[in-house]
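Please read them with the structure open.

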Amino acid sequence: MEISGYEREMLEGRHGQAKKFAMEILYKLGRAYGADRFIQVASAHIMAHYGSLHDAGLELAEKFVTLGGKFCIPTTADPLSICHRHWRELGIEEAYFHKQQRLERAVLKLGVQPAWTCTPYYVGNLPRFGQNVSWAESSAVAFANSVIGARTNRTPAGLNYCAAITGRMPNIGLYREENRNGQVLVEVKAGELSTLDYNALGYLVGKIVGNKIPVLDGLQPSASVDHLKYLGAAAASSGVVALYHAIDITPEATGRDPFGGKRPQEVFTIDRDQLQKAKQEMTTAQAEPEVVAVGCPHYSISELRTLSQLLEGRRIKKNKQLWVYTSEMTYNLAKKMGYAAIIEGAGGTFLEGNCLVISPLGKRSVRTIMTDSAKFAYYLPSEHNLKIRFSSTAECVQAIIED
Ligand code: F3S
C-alpha cells in the first residue's frame with residue numbers, strides 16, 4: 001500500500017499520538033482490504049449516540065481526547081440517544097444520561113459540529129459531486145453517494161473517528177470508480193409517487209437487491225430531495241444499500257450509463273400493487289396508535305412547514321401524542337418561522353437532536369406507533385417491540401387530532 005510522506009509522518013507519531021493511533025488502525029484496514037493507497041476525505045459524519053456505541057465507543061472517543069486528538073476536517077454527528085430538553089421527563093435514567101453526556105463532551109472536545117442529526121446535508125455538511133467523505137449513518141451514506149454523487153462507504157463508527165482525526169481513508173469500496181456501477185435494474189411502473197410511496201419503494205428495493213447497487217428507472221423528474229432521502233433511508237434499512245442510481249435524476253445516472261457499459265445482473269419490476277403490499281407489510285397493528293412519530297430521517301424545514309399546515313388550528317387529543325424528530329438547527333429555524341409554535345401549540349413535542357430508534361423509551365408507555373417513515377417502521381418493532389401503523393403524514397395527523 002502506497003503511503004505519502006505526510007501519512008508516514010502521522011503513522012510514526014510525528015503529528016501526535018491521536019493521529020498515530022488512528023493511522024495505525026486505518027493502515028491495517030487498508031492492507032487487509034487490499035487498498036493501493038490512502039485518499040483524502042473532505043468531511044466526516046460520525047456517530048455519537050451512546051445507544052449504539054455503548055461503553056466501547058465512549059472509551060474510544062475519550063481515548064482520542066486523552067491522546068490530544070482533534071478532528072482535522074469538518075465533522076458532524078448523528079442524533080444523540082437523549083433529547084437535551086426532555087430526557088428527564090421521558091424517564092431516561094441518570095446513569096444513561098451521564099454516559100451520553102460524557103460521549104457528547106468527548107466529541108465536542110475533538111471538534112464536532114454539534115448538529116446532532118442524521119441529515120447533515122441539511123445543516124451545512126454538504127460535499128460536492130465526486131468528493132470523498134467518510135460518513136456513518138446508513139441513510140446519510142445513501143444520500144451522499146446517490147443524491148449528491150459524493151463517495152463514502154458505510155463507515156463503521158470507530159473508523160470514522162480515525163478518518164476525522166487524520167483526514168484519510170484507505171482507497172476501498174465505494175471510493176473506487178469501478179465499484180460504483182449499477183448492478184440490478186429496477187423498473188418502477190407505479191405512476192406518480194407520493195412521499196409515502198418513496199418510502200415503500202425504498203423498502204422494496206432494499207429487500208430485492210440486498211447489498212447490490214440498484215438502478216431505478218421510471219421515477220418522475222419532480223422527485224424532491226426529501227423523496228430521495230426517504231428512498232435511500234428505507235433501502236438502507238431493509239437492505240444494505242449504500243448507493244442507488246435513479247436514471248436522469250441522480251448525478252451518476254444522468255448523461256452516462258449507470259451500469260458502466262455492462263448488462264444488469266438482474267431486472268425487476270415494481271408496480272403499484274407491490275407498493276401497496278409493502279405498505280401493508282409494514283403495518284403490523286390495526287389498533288389505534290397512542291403516538292405518532294415523524295422525522296426519520298430527521299424532518300427538513302419544508303416538512304415541518306407541511307406538518308404545521310396540517311396542525312394549524314387543530315388540537316391533538318389528550319390521550320395521544322406527536323413526537324417530531326429533527327435537528328437542533330432545524331428546530332431553531334422552525335421556531336423563527338413560526339412552524340414550531342403551531343406544532344407545539346397543537347400539542348406536539350419536538351425531540352430535536354434525538355432519534356427514537358437509538359434512545360431508551362424510558363417511562364413512555366406505548367405499544368402502537370403510527371409513522372410516515374419506512375425506516376421507523378422497519379426498526380421500531382425490533383428495537384422497542386412496538387407495533388406499527390404506516391401511513392402518510394396527513395393520515396398520521398388525522399389519527400390523533402380532535403374532531
Ligand atoms: Fe435518523 Fe434515527 Fe431515523 S438516526 S434515520 S431518525 S433511525
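Predicted model: local features only at pLDDT ≥ 70, side-chain atom pairs only at ≥ 80, totals over all residues.

1. The chain is divided into three parts: domain 1 (5-177), domain 2 (181-281) and domain 3 (283-400). The centres of domain 1 and domain 3, taken over C-alpha atoms, are 28 Å apart. Their contact involves 27 residues of domain 1 and 25 residues of domain 3.

2. The largest pocket holds about 540 Å³ of space. Where does the largest pocket lie? Domain 1 (5-177) and domain 3 (283-400) both contribute lining residues, so the largest pocket lies between these domains.

3. Largest pocket: lining. The lining comprises 29 residues. Nearest the centre are Met-47, His-49, Glu-137, Ile-358 and Lys-375. Three helices each supply at least two lining residues: H3 (50-66), H5 (138-148) and H13 (374-384). H13 gives the most, with five residues. By class, the lining has 14 nonpolar, ten polar and five charged residues.

4. Second largest pocket: volume and lining. About 250 Å³ of space lies in this pocket. It is lined by 16 residues, and Thr-195, Tyr-230, Glu-303, Thr-306 and Thr-393 are the closest to its centre. Helices H7 (195-209), H8 (225-238), H10 (301-311) and H14 (393-400) each give two or more residues to this lining.

5. Second largest pocket: class and domains. The lining of the second largest pocket divides into four nonpolar, nine polar and three charged residues. Domain 2 (181-281) and domain 3 (283-400) each provide at least three residues of the lining.

6. A three-stranded sheet. The sheet is open, with strand order S3-S2-S4 and parallel pairing. Which are the edge strands? They are S3 (75-77) and S4 (134-135), and each pairs on one side only. Strand S2 (residues 44-46) is joined to S3 by three bridges, and the two run parallel.

7. Gln-113. This residue is in the loop between helix H4 (94-110) and S4. Is Gln-113 buried or partly exposed? Its relative accessibility is 34%, so Gln-113 counts as partly exposed. Neighbours within four places in sequence aside, Gln-113 is in contact with Pro-74, Thr-75, Thr-76 and Ala-77. Asn-125 is twelve residues from Gln-113 along the chain, and their C-alpha atoms are separated by 9.2 Å.

8. Ile-213. This residue is in the loop between H7 and strand S7 (214-217). Why does Ile-213 count as buried? Its relative accessibility is 8%, and buried means under 20%, so Ile-213 counts as buried. Val-184 is 29 residues away in sequence, yet 6.3 Å away in space, C-alpha to C-alpha. With neighbours within four places in sequence left aside, the contacts of Ile-213 include Asn-179, Arg-180, Asn-181, Gly-182, Gln-183 and Val-184. Leu-174, Leu-243 and His-245 are also in contact with Ile-213.

9. Points to check on screen. Start with the largest pocket, between domain 1 and domain 3, and look at the five residues that H13 gives to its lining. Then turn to the second largest pocket, where domain 2 and domain 3 each supply at least three lining residues.

How values were computed
Residues numbered from 1 in each chain as written. Heavy atoms only, no water. 1 Å grid on protein atoms, 1.4 Å probe; cavity = no way out; pocket = protein on both sides within 12 Å on 5 of 7 lines; lining within 4 Å. Points joined across faces, edges and corners; volume = space filled by probe spheres on them. Helix = DSSP H or I, 4+ residues; strand = E, 2+ residues; numbered from the N terminus. Nonpolar A, V, L, I, M, F, W, Y, C, P; charged D, E, K, R; others polar. Domains from an automatic or database assignment. Pairing = 2+ DSSP bridges. Buried < 20%, exposed > 50% of the residue type's maximum accessible area, 1.4 Å probe, protein only. Contact = heavy atoms within 4.5 Å.
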